[in-house]
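Hello,

Here is the structure I promised to pass on. Please open it alongside this note.

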Amino acid sequence: AELIDRLAEPPAFVPIDVDGSDDEAAALAHDAAARGLDLAILGLGMNGHVGFNEPGSRPDDRTRLVRLAVSSREAATARYGAGSVPTAGITVGLARLLEAGECWLLVTGVRKAQVLRRALEQPEGPDCPAAYLRRHPRLTVFADEAAASLLRLV
């Protein structure tokens, strides 16, 4: 909200219909809406996920319903409360993220240093979906010193 409030013209947001009765239809509708994104702003999960593109996700995956990994659910406990963490979610697939005009990956804290190194320096694969973001021609990684502490300096 702090970033959005500072913009002269607020961006267009297309919410995912997470409260509807048909998750598959909601995912298909959002997949169509997610085509041609100008900017994708993402965080990096402890298991290498971006969005809810959990390990096992592929670069050609579309927007879809996914089961959340245990580590993602544990990380979400602070946000949702222990009794109400979702077990699944609709995520904008890697295919749509890779089509965006620009992609920003925001990473903070020493606890993310290992996974950031894995995402940026090790071979890409479905075990670390964030690594596929390296394919994006306009990827910018914003990392604080702690998160970048294990990266090789080039």
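My notes on the strands and one surface patch follow.

First, a caution: this is a predicted model.

The open sheet
Three strands make up an open sheet. Their order is S1-S4-S5, and they pair in parallel. Strand S1 (39-43) and strand S5 (139-143) are the edge strands. Each has a single partner strand, so one side of each has no neighbour in the sheet. On average, neighbouring strands here are turned by 20° against each other, direction ignored. Strand S4 covers residues 102-107 and is joined to S5 by five bridges. At Val 107, the residue standing opposite in S5 is Ala 143.

The S2 and S3 pair
Strand S2 (residues 64-67) and strand S3 (residues 88-91) run antiparallel, with four bridges between them. Arg 64 has Thr 91 in S3 as its bridge partner. Side chains alternate along S2. Arg 64 and Val 66 point to one face and are buried.

The surface patch
Which residues form a nonpolar patch on the surface? They are Leu 3, Leu 7, Leu 39, Ile 41, Leu 106 and Phe 142. Together they have about 500 Å² of accessible area. Ile 41 lies in strand S1. Its relative accessibility is 41%, so Ile 41 counts as partly exposed; that class runs between the cut-offs of 20% and 50%.

Best regards

Definitions and conventions. Residues numbered from 1 in each chain as written. Predicted model: local features only at pLDDT ≥ 70, side-chain atom pairs only at ≥ 80, totals over all residues. Heavy atoms only, no water. Pairing = 2+ DSSP bridges. Helix = DSSP H or I, 4+ residues; strand = E, 2+ residues; numbered from the N terminus. Axes fitted to C-alpha atoms, helices over the stretch in contact; angles between N-to-C directions. Patch = residues over 30% accessible without salt bridge, like charges linked within 9 Å, V, L, I, M, F, W, Y side chains within 5 Å. Areas by Shrake-Rupley, 256 points an atom, 1.4 Å probe, with all protein chains shown as cover. Salt bridge = Lys/Arg side-chain N within 4 Å of Asp/Glu carboxyl O. Buried < 20%, exposed > 50% of the residue type's maximum accessible area, 1.4 Å probe, protein only.
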